[in-house]
Amino acid sequence: MKICLLPGDGIGPEIMAEAVRVLRALDLDCTMEEALLGGGAVDATGDPYPEATQRLAQAADAVLLGAVGGPQWDALPRALRPERGLLAIRQQLGLFANLRPAILYPELANASTLKSEVVAGLDILIVRELTGDIYFGQPRGIETRDVDGRQERFGFNTMHYSESEIRRILRVAFEAARKRSGRLCSVDKMNVLETTQLWRDVAIETAADYPDVVLSHMLVDNAAMQLVRNPKQFDVIVTGNMFGDILSDEAAMLTGSIGMLPSASLDANNKGMYEPCHGSAPDIAGQGIANPLATILSAAMMLRYTFARHDAAQRIENAVKKVLGQGYRTADIHEPGMRQVGTREMGDAVLAALQVEC
Ligand code: NAI
Ligand code: MG
């Protein structure tokens, strides 16, 4: 088990340290090596995804990432921005399947801004295609063009998907649905966009291989609405890169706590990159108050999806539930009457919960 650690910027190193302590405590037979990605990498090498990092990431079975970016790099040209590093690694490793569970832990029932009866018990999974769609399509750009006889700026992007790109992400989603409730909702905009008409056609074709999964379809605007109206009608949602970007953030917020949400991005062989859904939180970086649980839960997803160590993953997830039950809360999920702790103490609590269990 070769793991590449990319702590990144802002709170990245603080939350990564806790996830690493948890992994070490499990006594797995793994090696962990650290490298630079994002703003820190730009500062040190002039490249948000330096070659040494590329070599390490390509040689590893899995990558665990903190977060990248921060205001000090916002003025850089697009090619040098920390986020470029993130896009580059996803593309280079072929991480086309982004899995984002949105789970509302009963202990955090009041964290959501939605009524508790709407979100109580929420446990859904968004499967987002990550390496295609309008985010990568060519041609793209901003040019000065002739528009009705006037010279003005003109912006353009291209949405496209091949049949095989659609089919492989749908298979990931069908497999996930099969292991859960057996319900899959495919989200598109087939009434307007040809690319997503193809998406729907391929979804219907692929369903023939999964007779045990009930496939439904929804237009993306309605899906956005249904997610806040009645999110529990969904189990697994699958969609393209752009719609998935938006819907997965929306779904994340149903749980009210960005500091709790892990994610996995997988290639065709279950090699993967695992990271919390949140960013580098520059507003609280260096203060030791960030919530490390999203990163710790990302490490659990890594054990589950890349290494098939379901036992170890389950132990981490149980430990997280246990510390929430014990009342440990970082500032982002704190409520009156609970025990407010910092990043390190939350890590300590998870370690203690793990030890009790074994
Ligand atoms: P953010 O997710 O970093 O922060 C949003 C809010 O949530 C802030 O108030 C922050 O303090 C809080 N927060 C985030 N994670 C937390 C945690 N673990 N514990 C407690 N509170 C937490 O999003 P924002 O502010 O829009 O972006 C900050 C930087 O992060 C930007 O440079 C952005 O580009 C980058 N970013 C990086 C991502 C990545 O590396 N995958 C994803 C999203 C943003
Ligand atoms: Mg996003």
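Colleague: What are the ground rules on numbering and confidence?

Modeller: Residues are numbered from 1 along each chain as its sequence is written, while chains are lettered from A and ligands numbered from 1 in the order in which they are written. The model is predicted, so local features need pLDDT of at least 70, side-chain atom pairs count only at pLDDT 80 or more, and totals for chains, interfaces and linings use all residues.

Colleague: How far apart are the end C-alpha atoms of helix α1?

Modeller: Helices are DSSP runs of H or I with at least four residues, strands are runs of E with at least two, and both are numbered from the N terminus. Helix α1 covers residues 12–25, which is 14 residues. The expected span is 1.5 Å times one less than the number of residues, so α1 should span 20 Å, and its end C-alpha atoms agree at 20 Å.

Colleague: Which residues of α1 are buried?

Modeller: A residue is buried if 20 or more other C-beta atoms lie within 10 Å of its own, exposed if 12 or fewer, and partly exposed in between, with C-beta atoms placed from the backbone. An α-helix has 3.6 residues a turn, so residues three or four places apart point the same way. In α1 the buried residues are G12, E14, I15, M16, E18, A19, V20, V22 and L23.

Colleague: How is α1 oriented relative to α10?

Modeller: Axes are lines fitted to C-alpha atoms, for helices over the stretch in contact, and angles run from 0 to 180 degrees between N-to-C directions. The axes of α1 and α10 (residues 293–305) cross at roughly 40 degrees and come within 8 Å. Angles under 35 degrees count as roughly parallel, over 145 as roughly antiparallel, 65 to 115 as roughly perpendicular and the rest as oblique. α1 is therefore oblique to α10.

Colleague: Which residues make the contact of α1 with α10?

Modeller: Two residues are in contact if their C-beta atoms, placed from the backbone, lie within 7 Å. From α10 come T295, I296 and A299. From α1 come I15, M16, E18, A19, V22 and L23.

Colleague: How do α10 and α11 lie relative to each other?

Modeller: The axes of α10 and α11 (residues 310–325) come within 7 Å. They cross at roughly 160 degrees. That angle makes α10 roughly antiparallel to α11.

Colleague: How many nonpolar residues are in the contact of α10 with α11?

Modeller: L293, I296, L297, A299, A300, L303 and R304 of α10 meet H310, A312, A313, I316, E317 and V320 of α11. Ala, Val, Leu, Ile, Met, Phe, Trp, Tyr, Cys and Pro count as nonpolar, Asp, Glu, Lys and Arg as charged, and the others, Gly among them, as polar. By class there are 2 charged, 1 polar and 10 nonpolar residues.

Colleague: At what angle do α6 and α7 pack?

Modeller: Helix α6 spans residues 163–179 and helix α7 residues 194–207. Their axes are 9 Å apart. The two helices are oblique to each other, packing at about 50 degrees.

Colleague: Is P276 buried or exposed?

Modeller: P276 is found in strand β12 (residues 272–276). P276 touches I15, A67, L261, P262, A294, T295 and S298, leaving aside residues up to four places away in sequence. P276 has 29 C-beta neighbours inside 10 Å, so it counts as buried.

Colleague: Which residues does T158 touch?

Modeller: T158 is in the loop between β7 and α6. T158 counts as exposed because it has 12 C-beta neighbours inside 10 Å. Not counting residues up to four places away in sequence, it touches I134, G137, Q138, P139 and R140.

Colleague: What is the phi of A308?

Modeller: Most residues other than glycine have a negative phi. A308 is found in the loop between α10 and α11, and is exposed, with 11 other C-beta atoms within 10 Å. Although not a glycine, A308 has a positive phi of about 50 degrees.
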